[in-house]
Amino acid sequence: MTTSPIRKILIANRGEIACRVIDTAQRLGIATVAVYSDADRDALHVRRADEAINIGPAEAKQSYLNQQAVLTAARETGADAIHPGYGFLSENADFARAVETAGLIFIGPPASAIRAMGLKDAAKAAMEKAGVPVVPGYHGDSQDPDFLAKKADEIGYPVLIKARAGGGGKGMRRVEHAAEFRSALESAQREGEAAFGDPACLIEKYISTPRHIEIQVFADAHGDAVHLFERDCTLQRRHQKVIEEAPAPGMTEAMRQKMGEAAVAAAKAIGYRGAGTVEFIADASAGLDENRFYFMEMNTRLQVEHPVTEMITGTDLVEWQIAVANGEPLPKTQDELAITGWAMEARLYAEDAEKGFLPATGTLHHLRFPADARIETGVAEGDSLSPHYDPIIAKLVVHGPDRETARLKLEQALEGTQIAGTVTNLGFLVRLIRDRAFVEGVMDTGLIDRELDQLTEATPPSPLAIALAAIQAAGFLDPAHGTDVWDRLTGFRLWGEAHRDVSLIHRNDPLRVRLTGTPEMGFTAHWGDHEVHLSCSTKTGGGLTVRADGHAFPASAAVHAGGVTVFVQGETTDFALPDPLQGSLETADHSDEITAPMPGTIKLVATAQGEAVEAGQPLIVMEAMKMEYTLTAPRNGTIATLNAGLGDQVADGAVLATLVPEEA
Ligand code: MV4
């Protein structure tokens with residue numbers, strides 16, 4: 001342990017967690033060093049740190065996971081400590097050791113504690129020894145299939161086979177009957193070998209209605225440890241947490257105390273130091289029961305969802321981490337810690353819920369967060385999302401006196417979030433927190449999968465969204481044309497019939513909307529059988545107030561390269577504008593380059609190098625934000641280069657093809 005306190009922290013991470021660490025370091029007057037890959041040159045964590053240093057190419061293996069590059073960056077910048085954040089090198093025992101060998105402070109647990117929790121069988125044995133409840137099962141050395149089959153019989157079916165090196169659900173097999181045991185074992189072993197280079201498995205009683213409840217622990221270098229109560233992370237999809245909250249619904253004081261004590265015993269048993277989370281599975285088949293919770297694993301890092309614990313305990317866990325790393329005693333004793341109110345967090349991702357939660361990229365042309373929520377983010381408006389990293393946009397965290405107040409606050413926060421330029425899981429999150437089982441607090445880990453269809457169902461855009469998009473596309477809401485609108489309007493009136501037709505495309509469906517009226521009198525929008533009357537006024541400080549059906553509510557509309565995105569009544573709807581004159585696809589019309597107008601995926605390549613093409617001929621079809629865009633030949637000529645393949649992810653402005661124009 002060094003004697004002088006930490007003065008400069010290098011953050012071996014990116015995105016929201018790097019920004020989170022910078023927040024606390026700055027408040028404490030500690031200097032910060034950001035590291036960045038080539039893809040993150042202009043990222044928010046780089047802009048916010050006191051200094052920044054490049055550590056390699058975009059691919060994480062060559063940058064954020066490159067131990068030598070991170071250590072060299074720390075030496076070159078004179079940092080005295082490294083905060084690993086979560087993911088990347090945060091739970092790498094070799095890295096923790098290498099940091100200390102280099103004479104720096106690792107803001108995390110000792111390498112030995114990371115190692116003690118690395119393999120499930122050894123961790124389980126250590127926990128059993130420390131008196132922590134574990135799921136009944138076999139976690140000894142034998143891997144003899146006959147022996148393990150006999151153990152499974154003794155445990156009683158259904159059982160769960162788990163690869164001991166597994167994590168995140170990998171290498172797990174549920175077995176209902178003895179007859180299926182051997183093939184399931186072989187399959188779990190193969191997966192363990194392939195994914196982790198370790199085929200060894202353990203056998204457990206299968207818990208059929210699990211809830212994921214974890215305990216935040218903290219230990220200092222003097223052998224003291226406390227817990228900061230529980231978080232409920234039951235709402236998950238494919239082992240990705242979606243919504244987290246604290247405390248856990250239905251938790252009794254007796255169970256909380258028992259789980260807290262078990263978690264502290266777990267930390268002490270392995271000589272822990274710093275922030276850690278002991279993950280338990282609770283058998284919720286008959287509500288929560290203090291005799292039915294079991295140790296699952298320990299996460300030896302600060303977790304993504306740590307803010308909910310901070311909100312109910314009034315602590316700053318990054319500050320605690322720094323204090324402990326400085327050799328100071330824990331900031332609070334167990335008796336000084338208490339739960340106040342209820343906190344919830346939602347993870348906002350750039351992903352397409354309708355397409356199996358496919359990660360998305362894009363440029364955040366428009367990004368607004370609500371003022372009355374804690375926002376943890378690593379991006380700002382105008383930033384692009386790199387396909388190389390986790391597509392998290394932000395965590396929205398709220399706190400209220402009770403669960404229902406917190407839930408309503410989170411609903412409002414989600415409804416007040418506006419993002420254009422990429423597809424997000426916002427709509428999915430709103431539906432999830434309105435889900436009846438969630439509202440009542442009776443969840444299990446299977447909830448999202450059971451209700452996936454309703455949670456991800458595509459809904460048609462509301463008439464109001466369509467009308468608003470048409471008004472925006474017609475230019476009536478363009479702040480740059482403040483007085484211009486009046487001129488245009490006069491122009492309108494001189495024509496006699498004051499109407500304007502606007503073409504919109506919603507998910508490949510063309511819509512032609514006829515607008516009549518004026519900004520001051522209000523508009524009528526007609527299309528098909530629809531007729532909507534509304535008026536809009538610009539609010540000071542941005543945004544709009546829309547009036548329709550005798551109600552007034554906030555709304556917003558953003559124009560960008562992809563078209564128009566409108567935000568109204570908690571709904572985000574993207575429209576493409578087919579007519580280039582209306583300011584949509586600004587392909588380089590008269591250039592000889594065919595460029596991607598936005599980040600997206602190549603869906604079709606309808607040409608080949610050397611092909612003679614005619615002006616207007618479709619060459620490449622791209623998809624972005626759920627819409628397809630056809631890129632056409634700007635003039636007659638021959639395709640000189642073609643740099644687009646089916647399924648390619650392309651960046652905004654990427655040159656996809658070049659044309660040699662026909663001799664005039
Ligand atoms: C289990 C289980 C049922 N019975 N163990 C999934 C990943 C790892 N952290 C532990 N996991 C599970 N272990 C027994 N004996 C069910 C799961 C499980 C799960 C646990 C917590 C949160 C979400 C989950 C989703 C599927 C399965």
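Which side-chain oxygen reaches to within 3.0 Å of the backbone nitrogen of Val318 at the start of H11? The legend to View 1 takes this up, after two notes that hold for every view. This is a predicted model, in which residues are numbered from 1 along each chain as its sequence is written, local features need pLDDT of at least 70, and side-chain atom pairs count only at pLDDT 80 or more. Totals for chains, interfaces and linings use all residues, while side-chain values use heavy atoms, with hydrogens and water left out.

**View 1. Helix H11 and its two ends.** At the start of H11, a side-chain oxygen of Asp316 comes to within 3.0 Å of the backbone nitrogen of Val318. Helix H11 spans residues 317-325 and is mostly covered, eight of its nine residues being buried (buried means under 20% relative accessible area, exposed over 50% and partly exposed in between, with a 1.4 Å probe and protein chains only). Among these buried residues are Leu317, Trp320, Gln321 and Ile322. Just after H11, Gly327 takes a positive phi of about 85°. Helices (H or I, at least four residues) and strands (E, at least two) are DSSP runs, numbered from the N terminus.

View 2. The ligand is surrounded by 17 residues, the closest being Lys162, Glu204, Lys205, Ile207 and Glu279 (a residue is near a molecule if one of its heavy atoms lies within 4 Å of it). An N or O atom in the side chain of Lys162 is 3.1 Å from a nitrogen atom of the ligand, a polar side-chain atom of Glu204 lies 2.9 Å from a ligand nitrogen, and a polar side-chain atom of Glu297 lies 3.3 Å from a ligand nitrogen. Taken alone, the ligand exposes 520 Å², of which the protein buries 89% (areas come from the Shrake-Rupley method with a 1.4 Å probe). Strands S7 (159-163), S9 (201-205), S13 (274-283) and S14 (293-299) each supply at least two residues of the shell. Domain 2 (136-205) and domain 3 (210-455) both give residues to this shell, so the ligand lies between them; the domain bounds come from an automatic or database domain assignment.

**View 3. His212 in strand S10.** His212 is found in strand S10, which covers residues 210-219, and is buried, with a relative accessible area of 8%. The side chains of His212 and Gln236 are joined by a polar contact of 3.1 Å (a pair of N or O atoms within 3.5 Å; within protein, one must be able to donate a hydrogen and the other to accept it, and residues adjacent in sequence count only if both atoms are side-chain atoms). Leaving aside residues up to four places away in sequence, His212 touches residues including Arg231, Glu279, Phe280 and Thr445 (contact means heavy atoms within 4.5 Å).

View 4. Most residues other than glycine have a negative phi, and most peptide bonds are trans. The peptide bond from Tyr157 to Pro158 is cis, with omega near -5°, and Pro158 is found in the loop between helix H7 (145-155) and S7. Ala246 and Pro247 are also joined by a cis peptide bond, with omega about -5°, and Pro247 is in the loop between strand S12 (240-246) and helix H9 (253-269). His239, in the loop between strand S11 (225-237) and S12, has a positive phi near 65° and counts as partly exposed, at 45% relative accessibility. Phe357 has a positive phi of about 60° and is buried, with a relative accessible area of 8%.
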